[in-house]
Amino acid sequence: MERLIAVGISLSESGEVSVDGPAGRALFDLAIALEGETPLPVDVQHVLAAIVLAERDALVGNQTRLTPDDPSLQQIILDYLPIVFKQYDDQLES
């Protein structure tokens, strides 16, 4: 059984995350939008990991739409990026 993390992003019981086409494009656009907002080398995998962590803390949910121009979503991701880089960067697949 899969759990919906946000619109277009789901997490399987085995811990694998799947992303549909529109959500993938939104992740890409979010990564580009956030590049200038943080000194960290942000890419799509980092943004996705930040969203998964934010969902675990109930800051995003299955009704959350990924839109690159949403300032509150951008701030949530920016808040989680240091955690992603510190704890999970070496585990993210390119």
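The partners are Glu-55 and Arg-3, whose closest N and O atoms sit 2.8 Å apart. Glu-55 lies in helix H2 and Arg-3 in strand S1 (residues 3–6), so the pair ties together parts that are 52 residues apart in sequence. Helices (H or I, at least four residues) and strands (E, at least two) are DSSP runs, numbered from the N terminus.

As the model is predicted, local features need pLDDT of at least 70 and side-chain atom pairs count only at pLDDT 80 or more, while totals for chains, interfaces and linings use all residues. Residues are numbered from 1 along each chain as its sequence is written, and side-chain values use heavy atoms, with hydrogens and water left out.

Helix H2 itself covers residues 44–56. With a relative accessible area of 15%, Glu-55 is buried, whereas Arg-3, at 39%, is partly exposed; buried means under 20% relative accessible area, exposed over 50%, and partly exposed in between (1.4 Å probe, protein chains only). Setting aside neighbours within four places in sequence, Glu-55 is in contact (heavy atoms within 4.5 Å) with Arg-3, Leu-4, Ile-5 and Val-60.

Over in helix H1 (residues 21–35) there is Pro-22. Pro-22 has a relative accessible area of 51% and is therefore exposed.

Technical notes: Salt bridge = Lys/Arg side-chain N within 4 Å of Asp/Glu carboxyl O.
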